[in-house]
Amino acid sequence: MTLFNPLLQTVLGGRIPIKDPSIEPIYQSDYKSKKESKEAGDALNVKIASEGFVLLVNEGGLPIPTPVSNPSVTRKPKVSVFGKNSVNLVLGGSGSGGISGEAAKTIFDGLEQAGYEYNPTLKAFYEDNSQSGPGRSSNPETKDATSQSPTLETGETPQSLYTAKVRASYKDYDDAAIVVISRIGGESFDLPRTQKNDSSKHYLQLDEHEYALLDAVTNGSFKKVIVILNTIQAFQCDFIEPYNNSETPRIHAVLWIGGPGSTGALAIGDVLSGKANP
């Protein structure tokens, strides 16, 4: 009873005992079922995300209004979402801070709900590991921290793997390039002080494939380039200045979203469109 009763009551939704009838319950639930409570929690998480995301840079990049955020807009903006991790967002930390991605909302759910059209060819390319590479691990193992030279793969796709078909799809979704940069982190391990292919850089900097991706999109025909930092860790943003050191910025906005949890990604589209103010 001591060990399992609190757990069973939590899972099954047991009633809180009131031992003194003259004392009102300290907490009274607003919800009649766990399902109703879960739905309310999911909605609250989206609100927390929309207010908690941080706009680090905005050089005329945002908002990108949609018919949902501005009724006078008659056409859905067409965007291409870049980054292998765009289809595998970091939702939370590792260990006890982990979040199940089984039913989690995606950046694509958020964009669609906000009134954008996204590039389906590019999304399918990242989802197919045989084409775009295996991606990152979901969590590092504890032994990584004790190895001689621990490294964590960002999982970013090399430019050499992008097919002609994928590259050709950009022109139909060129209102904006949305580039997702993700980093994992959590308990039981330290973040690497070096990158696998560059000992002069650490894990919380862009790696060679991420720089190559930014080069590709900033040199392309996209009207705007938006970078989304999907990392719970503090991230080194020294990559911004080299792209924006002239009168014409090449990165138009940088948005930090942390770890959005199971539903927070729904807020991404609203922030980009201006419906929500970060």
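Guide: One term before the tour: two residues are in contact, or touch, when they have heavy atoms within 4.5 Å. Also keep in mind that this is a predicted model.

Visitor: Fine. Which residues does phenylalanine 82 touch, then?
Guide: Leaving out residues up to four places away in sequence, phenylalanine 82 touches Leu122, Tyr126, Tyr170, Ala177, Ile178, Val179, Val180, Leu213, Val217 and Phe222.

Visitor: Which residues touch the most other members in the largest nonpolar core?
Guide: Phe82 is one of them, along with Val179, Leu214, Val217, Val227 and Phe239. That core has 31 residues.

Visitor: Which elements give two or more residues to this core?
Guide: Those are the helices α4 (120-127), α7 (208-218) and α8 (240-243), and the strands β4 (176-183) and β5 (225-231).

Visitor: And what lies apart from that core?
Guide: Another core, with 30 residues. Val46, Leu255, Ala267 and Ala276 are among them.

Visitor: Let me zoom out. How many helices and strands in the chain?
Guide: Nine helices and six strands. The C-alpha trace spans about 70 × 60 × 35 Å along its principal axes.

Visitor: What share of the residues is buried?
Guide: Of the 278 residues in the protein chain, 41% are buried.

Visitor: And the contacts, how far apart in sequence are the residues they join?
Guide: Take the contacts between residues at least 6 apart in sequence: 80% of these join residues at least 24 apart.

Visitor: Start with α2. What angle does it make with α9?
Guide: About 40°. Helix α2 is residues 34-52, helix α9 is residues 266-273, and their axes are 9 Å apart. An angle like that makes α2 and α9 oblique to each other, and their crossing is right-handed.

Visitor: Which residues make the contact?
Guide: From α2, Val46, Ala49 and Ser50; from α9, Leu266, Ala267 and Val271. Sorted by type, the residues of this contact of α2 with α9 are five nonpolar, one polar and no charged.

Visitor: And how far apart are the axes of α3 and α9?
Guide: Those axes are 6 Å apart, and the helices pack at an angle of about 45°. That again makes the pair α3 and α9 oblique. The crossing of α3 past α9 is right-handed.

Visitor: Which residues meet there?
Guide: In α3 they are Ile107, Asp109, Gly110, Leu111, Gln113 and Ala114, and in α9 Leu266, Ile268, Gly269, Asp270 and Leu272. The residues of the contact of α3 with α9 come to six nonpolar, three polar and two charged.

Visitor: Which peptide bond is cis?
Guide: The bond from leucine 62 to proline 63 is cis, with omega near 0°. Proline 63 sits in the loop between β1 (54-58) and β2 (78-82).

Visitor: Last one. Where is glycine 115?
Guide: In the loop between α3 and β3 (117-118). Glycine 115 has 3% relative accessibility, so it counts as buried.

Visitor: What does glycine 115 touch?
Guide: Thr66, Pro67, Val68, Lys76 and Pro77, again leaving out residues up to four places away in sequence. Lysine 35, by contrast, is 28 Å from glycine 115, C-alpha to C-alpha, and 80 residues away in sequence.

Conventions: Residues are numbered from 1 along each chain as its sequence is written. This is a predicted model: local features need pLDDT of at least 70, side-chain atom pairs count only at pLDDT 80 or more; totals for chains, interfaces and linings use all residues. Side-chain values use heavy atoms; hydrogens and water are left out. Axes are lines fitted to C-alpha atoms, for helices over the stretch in contact, and angles run from 0 to 180 degrees between N-to-C directions. Helices (H or I, at least four residues) and strands (E, at least two) are DSSP runs, numbered from the N terminus. Angles under 35 degrees count as roughly parallel, over 145 as roughly antiparallel, 65 to 115 as roughly perpendicular and the rest as oblique. A crossing is left-handed if the near helix is turned anticlockwise from the far one by less than a right angle, and right-handed if clockwise. Ala, Val, Leu, Ile, Met, Phe, Trp, Tyr, Cys and Pro count as nonpolar, Asp, Glu, Lys and Arg as charged, and the others, Gly among them, as polar. A nonpolar core is a set of buried Ala, Val, Leu, Ile, Met, Phe, Trp, Tyr and Cys residues joined through side-chain atoms within 4.5 Å. Buried means under 20% relative accessible area, exposed over 50%, partly exposed in between (1.4 Å probe, protein chains only).
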